[in-house]
Amino acid sequence: MPRKGAAGPSAAPADADAVEKTGGGETLRRVALASFIGTAIEFYDFYIYGTAAALVLNQAFFPTLDPVNATLASFSTYAVAFAARPLGSVIFGHFGDRVGRKSVLVASLLLMGLSTAFVGLLPGYGTLGIWAPVLLILLRFLQGIGLGGEWGGAALLAVEHAPKKRRGLYAAFPQLGPSVGFFAATGVFWLLSAVLDDAAFRSWGWRVPFLLSFLLVGVGLFVRLKISETPVFAKVREAQEAGRVPAVDVFRRHPRELLLGAGGMVVAYGLFYTATTYCLSYATGTLGVSRNTMLGLSLVACLFLAAGTWLAATRSDASGRRKLVLAGCGLAVVWGLVLFPLLDTEQPVLIALGIGGALFCMGVVYGPMGAYLPELFGTTVRYSGASLAYNLGGVLGGAVAPLVATRLQAEFGSSSVGWYVSAMAVVSLLCVLALPETRERELA
């Protein structure tokens, strides 16, 4: 039998075992599943609101406004969650950096899931009057608080458990959550739209995707409660090195990484919410494409997002995070100018190509960010720093994109929206150019 440390046949299984197990004793597959399923559920919750905002919330909660202003009001309630997300990053990041990643992820899942489900129970304007949109805004705000704490914790769950050379691979799993969540959200709406007539869909059918969140939260909790604390944070807790106010430490010690990281995320958010929420509203409302057709095309386009995310995230372990994010930004500069000419053809294949190409560009940027943003910050502020950068980018890129696009299209036509997308891509490209490569950094 070979002595300990000697090369030989027995060395390979030992190495494989070291890769396969985490410091908490579970397999990396279980960690990957826990990080993936939580983000998939929470982004499902978030995206069903965006789809409903584009299709029905304007009439259910703002029936007294003209069509353009009702759409803007609907998208404004949609934007409220983005404003709340940085606050959620501060709250959940504080406890995530002081108490631990796991317990905070359970709390964020509960808050996000329950506030989403209650939207499905909320009476419309015809029943509650002005209180209907007020309560809708409150629930949307709570959604944003919950999601503000979700992504950073899920990314850290994967990255801090993973071996150094495979952080991009394991960070790909929480990054796939938005693709699957969006696919599920769109799929449920597509199915309801196909089997219900328009009156039934607008009366009660749109509520079904929200009510499903009750079931999904239970599934997510079952998976997440089985995962141990990350070994990297466990060492910090044992050494009693946690910061007193992590968010303050981020601004004091990492302002450059925070602001540039947020800038790098702008194009990912801008591409996604322009290509999905806004384009769904634009195609059905302005171009006259049927709701069911657009939902089906969005399902196809989502596959492009998943492909771009997986390709770039897994490749980033070999090629580096920064190089791939820059490539995605460069592609987005070009695709912003192509997107609306393809949509304006009103041809389903070209519409799918336009939206799918935009989401592929988004995936190439978004995939490596699962490892890139956490690697920019130290362990004692990593939850707060990565979450804040991620969600500040959401305010700049996601919250305003449907609002700006709606106004630009009304004033200057659809081509102006494409230029706006390209401008966001240039901003992100310049921010990432100012950041370093991080794949060789130690997390401890």
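Arg 291 touches Leu 55, Ser 193, Asp 198, Phe 201, Arg 202 and Thr 284, when residues up to four places away in sequence are not counted; a contact here means heavy atoms within 4.5 Å. Arg 291 is found in helix α15, which covers residues 291-319. With a relative accessible area of 15%, Arg 291 is buried, a word that stands for under 20% relative accessible area, with exposed over 50% and partly exposed in between (1.4 Å probe, protein chains only).

The model is predicted: local features need pLDDT of at least 70 and side-chain atom pairs count only at pLDDT 80 or more, while totals for chains, interfaces and linings use all residues. Residues are numbered from 1 along each chain as its sequence is written, and side-chain values use heavy atoms, with hydrogens and water left out.

Looking at the whole chain, 20 helices and zero strands are found; these are DSSP runs numbered from the N terminus (helices H or I, at least four residues; strands E, at least two). Of the 444 residues in the chain, 59% are buried.

Leaving aside neighbours within four places in sequence, Phe 61 is in contact with Leu 122, Pro 123, Gly 124, Tyr 125, Ala 132, Pro 133, Leu 136 and Trp 206.
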